[in-house]
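These are my notebook entries on a structure that I am opening for the first time. I will begin with the whole chain and then turn to single residues.

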Amino acid sequence: QKLEGKAYFREQEDDFGLGQQKGSEAGTRKFGAEGTYRLSDQVSLGSQVYRQYNLTGNNMRDFAEAQIGYTDKAFTGKGGLRYANDSLADGSDATSVLGTVGGSWKTLNQRLTLRADHEQALFSKNQNADYPTRTILGADFQVIPSLLLFAQQEFTQADDADTNTTRVGMKATPWSGGTFSTSMANDRKENDERTFANVGLAQKWQLNSFWSVDGGFDRSQTIRKSAGYQFDTKVPSASGGEDYSAVSLGTTYQEKKLLWSNRVEYRDGETQDKWGLITGLTNEQGLFWGWTGKLQVLHTRSTDGARSTDADLRLGLAYRPPVTRWIVLDRLDLIMKD
């Protein structure tokens, strides 16, 4: 009742799988353990330790963390120590030793949430790119049940670079099935600065007990950007991605044993235009058998004239009796690339 934990060993080769694995884990080997012990309903101790190998770049990471946390209805707090060391292929090391502290407080009848987190480098160890000295300040205010305002400020300080990110915005549910969000952000990196705005609108309609329709629109627009240099023209700058507009439309048919879902998406970007078509069927045949089929077609066109089309036709079959020592799962993919 008070203690839970796990130990694991995981390895995934670079080109393994049919797209169902996490891309961030491709070409890695990782083993470690993590656990939580509850001292009381409000106080808990947590820790994790792991070693991760990058099998393609020959880098290695050692990570260890211990933390104590407190949670009640209005307040949460945490504090701990974190160690991260990267042994790089060129023989160098990048080490960060951090003291961590943070908390949140709900006030004004649970409408206002104030957040603060700080990770401070200790013993002049602040070289790891993923674990620098970091400060995050944020606030969420529920103006009315259907409208949330939010703001967040983040500062990072490392031996290689400092960053400064500001984000403010709102999330609203103006009517049943509708969601509207907008934000303004400013990213300041070592050699670049970008101010941009995001806006999104999503709507879902339940036509009847079987059919539902949903649609969405997203837009990202750069307002101001400094003329920092770009190391590789094929890679977006560290200050953020390109401007784009995206729309989507989906339909779903669902009854007791059958689900049919469809989606069409189009994205008009600064350097790439993309469209996608996805349709899938899932059917449960009684308690034992089930089958699924899915077709996905994605097309990309770049401003330099390059085009690519990826298609995946997937069929699946499952035999899963409620009480059995054996189950059968089978999947077949036909993948086409152009």
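**Entry 1: the whole protein.** I looked up the secondary structure and found 19 strands and zero helices in the protein. I am reading a predicted model here, and I keep that in mind through the entries below. I noted that the C-alpha trace spans about 60 × 55 × 55 Å along its principal axes. Of the 338 residues in the protein, 29% are buried, and I also wrote down that the exposed surface comes to about 21,900 Å², with carbon and sulfur atoms supplying 57% of it. When I took the contacts with a separation of 6 or more, I found that residues 24 or more positions apart account for 40% of them. For the charges I recorded 40 positive and 43 negative side chains, and the centres of these two sets lie 7 Å apart.

**Entry 2: confidence.** I checked the pLDDT, which averages 90 over the protein, with 95% of the residues scoring at least 70. Residues 229-240 have a pLDDT below 50, and in the model this stretch has 13 contacts beyond near neighbours in sequence.

**Entry 3: two asparagines.** I went through the backbone angles with a general point in mind: most residues other than glycine have a negative phi. N58, which is not a glycine, has a positive phi near 60°, and I found N58 in the loop between β3 (43-54) and β4 (59-71). Is N58 buried or exposed? Its relative accessibility is 58%, so N58 counts as exposed, the cut-off being over 50%. I then turned to N109, where phi is also positive, at about 60°, although N109 is not a glycine. N109 lies in the loop between β6 (93-107) and β7 (112-126), and because its relative accessibility is 72%, N109 counts as exposed.

**Entry 4: aromatic rings.** I counted nine aromatic pairs in the model. In one of them, Y70 and F75, the ring centres are 6.2 Å apart and the planes stand at 40°, so I logged the pair as tilted. Both residues are partly exposed: Y70 has a relative accessible area of 32%, and F75 one of 38%. I also looked at W211 and Y253, a tilted pair with 5.1 Å from centre to centre and 55° between the planes. Which strands does this pair tie together? W211 lies in strand β13 (residues 211-225) and Y253 in strand β14 (residues 244-254), so the pair links parts that are 42 residues apart in sequence. W211 is partly exposed, with a relative accessible area of 31%, whereas Y253, at 18%, is buried.

**Entry 5: a serine in a strand.** I finished with S261, which has its place in strand β15 (residues 258-269) and is partly exposed, with a relative accessible area of 32%. What does S261 touch, leaving aside residues up to four places away in sequence? I listed T251, T252, I278, T279 and G280.

How values were computed: Residues are numbered from 1 along each chain as its sequence is written. This is a predicted model: local features need pLDDT of at least 70, side-chain atom pairs count only at pLDDT 80 or more; totals for chains, interfaces and linings use all residues. Side-chain values use heavy atoms; hydrogens and water are left out. Helices (H or I, at least four residues) and strands (E, at least two) are DSSP runs, numbered from the N terminus. Buried means under 20% relative accessible area, exposed over 50%, partly exposed in between (1.4 Å probe, protein chains only). Contact means heavy atoms within 4.5 Å. Accessible areas come from the Shrake-Rupley method with a 1.4 Å probe; for residues, only the protein chains shown count as cover. Lys and Arg count as positive and Asp and Glu as negative; His and the chain ends are not counted. The place of a charge is taken as NZ of Lys, CZ of Arg, CG of Asp or CD of Glu. pLDDT is the predictor's confidence in each residue, from 0 to 100. Rings of Phe, Tyr and Trp (its six-membered ring) pair if their centres lie within 6.5 Å; planes under 30 degrees apart count as stacked, over 60 as edge-to-face and the rest as tilted.
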